[in-house]
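Trainee: Please pick one part of this model and walk me through it closely. I would also like the cut-offs behind each term as we go.

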Amino acid sequence: MTLVESLRQRSHEIFASVVAHRRHLHAHPELSYQEVNTAAYVAEQLKAMGLVPQTGVGGTGVTALVQGTAGASDRVTALRADMDALPIHEGNAVAYKSTVPGVMHACGHDVHTASLLGTARLLYEHRQHFSGVVKLIFQPGEEKNPGGASYMIRDGVLQNPAPLSIIGQHVMPLLPVGTIGFREGKYMASSDEIYLRVIGKGGHAAAPELTIDPVVIASHIVIALQQVISRNASPKEPTVLSFGRFIAEGITNIIPNEATLAGTFRALNEEWREKGLQKIETLARQMAASMGAVCEVDISRGYPYLENNPTLTRRIKKAAQAYVGDANVVDIDLTLGSEDFAYYSHVVPASFYRLGTRNEAKGITSYVHTPTFDIDEEALKIGPGLMAWMAVEELGL
Ligand code: NI
């Protein structure tokens, strides 16, 4: 039996245990940077396999090394899974439903963690078939700024030993189960949060001449800021600015003192990102000033854009074709969503690919970050072995 055949077979054989991991994690979700029990569970499982986990990396992160014993090699590749859940109340009526009110694994990070535990087991079982080291990274805080990846990098996760490449897997409810999606180059956007506070002067709505109306001024600002996108960004660079919050708490006959806005700015180019943020801040301030108000601007910087290294992506895509067959490997489009795996991609060749989890026949179609999100667990027959195969192929170069 070839190595890929053996990984495929064992991935099927350990399926029930990987599903058990996933269901345990799903039932016991923890919010970003609070993954204490999740990290303990991961460490315990790794120990039970014969690995030596390192805990407390970048907060609640866990790492472990799987050393190949086929020969001497200093090659190292890294595999990453995120562990945190979201502040969403689960709406699914399933046996493994979240036991924590208001907290749910609604982005599949339970799936990523369970899958990587399966990968760890498969790699350890097959260690005599490869040389070099696979570094397993179980990361906290993907969902919340500044991103657990930044803390793990700060704590040296990409050193000692330093991986030549890093691979991340994420569920995708738009892709049918059995399908794996790849994209070379820029894949996901940087994401910064924009908070504006327009301070005017409230008063009687029937005497606007005695007020500095923050509602009208903030409205102008929202419209004007769209010009930063349409007139300052290159049409060749995808970018977006959306305000989802506009609060002015007056009433029909009272103009309030202030209005507050919150929005998100996305880009796929760091130079434009800096320039765009500056333009947004300057325009908001000056526009308010020109109408006699003050605009306070608070920008919370998020993740950078995510770049899938083209040669690495071609290699792992080829590995996936060998693993699941050409027909089950697809190219996917870029998205203005964001993901903190991006941090790794600015340090080391990185690739973030998608594991299809949709099954219309079973009614599994809900998008991530919704109360009814779920996956077709059949995807966990593929995930663990596929990732193990990608890592082995990386080391075999
Ligand atoms: Ni996610």
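**The open sheet and the nickel site**

Mentor: Let's start at one end of the sheet, where I180 stands opposite V329 in β15. These two belong to a run of three bridges that joins strand β6 (residues 180-182) to β15 in parallel. Before we go on, note that this is a predicted model, in which local features need pLDDT of at least 70 and side-chain atom pairs count only at pLDDT 80 or more, while totals for chains, interfaces and linings use all residues. Residues are numbered from 1 along each chain as its sequence is written, and side-chain values use heavy atoms, with hydrogens and water left out.

Strands here are DSSP runs of E with at least two residues, and helices are runs of H or I with at least four, numbered from the N terminus; two strands pair if DSSP finds at least two bridges between them. Eight strands make up the open sheet, in the order β1-β2-β4-β3-β5-β16-β6-β15, with mixed pairing. Its edges are β1 (54-57) and β15 (329-331), each of which pairs on one side only. From one strand to the next, the twist averages 30°. Helix α3 (residues 36-49) packs on this sheet and touches β1, β2 (61-67) and β4 (133-139), and its direction makes about 15° with that of β2. Contact means heavy atoms within 4.5 Å, and axes are lines fitted to C-alpha atoms (for helices over the stretch in contact), with angles from 0 to 180 degrees between N-to-C directions.

Now look at β5. This strand runs parallel to β16 (residues 350-358), joined by eight bridges, and M172 has G356 as its bridge partner there. On its pairing with β3, the sense is again parallel, over four bridges, and L79 stands opposite I167 in β5. Of the 12 residues in β5, 10 are buried, where buried means under 20% relative accessible area, exposed means over 50%, and partly exposed lies in between (1.4 Å probe, protein chains only).

C107 (SG), H109 (NE2) and H170 (NE2) coordinate the nickel ion at 2.2 to 2.3 Å; donors are N, O and S atoms within 2.8 Å of the metal (3.2 Å for Na, K and Ca), and water is not among the atoms, so sites may look incomplete. Along the chain, the donor spacing is C-x1-H-x60-H. The two histidines link distant parts of the chain, with H109 in helix α4 (residues 109-125) and H170 in strand β5 (residues 165-176), 61 residues apart. Both H109 and H170 are buried.

D82 is buried, with a relative accessible area of 0%. Its side chain makes a polar contact with that of H109 (3.2 Å); such a contact is a pair of N or O atoms within 3.5 Å, where within protein one must be able to donate a hydrogen and the other to accept it, and residues adjacent in sequence count only if both atoms are side-chain atoms. Beyond four places in sequence, the residues D82 touches include H112, Q139 and E339.

Finally, in the largest nonpolar core, of 63 residues, L46, L136 and F138 touch the most other members. A nonpolar core is a set of buried Ala, Val, Leu, Ile, Met, Phe, Trp, Tyr and Cys residues joined through side-chain atoms within 4.5 Å. Among the residues F138 touches are L46, A81 and M83.
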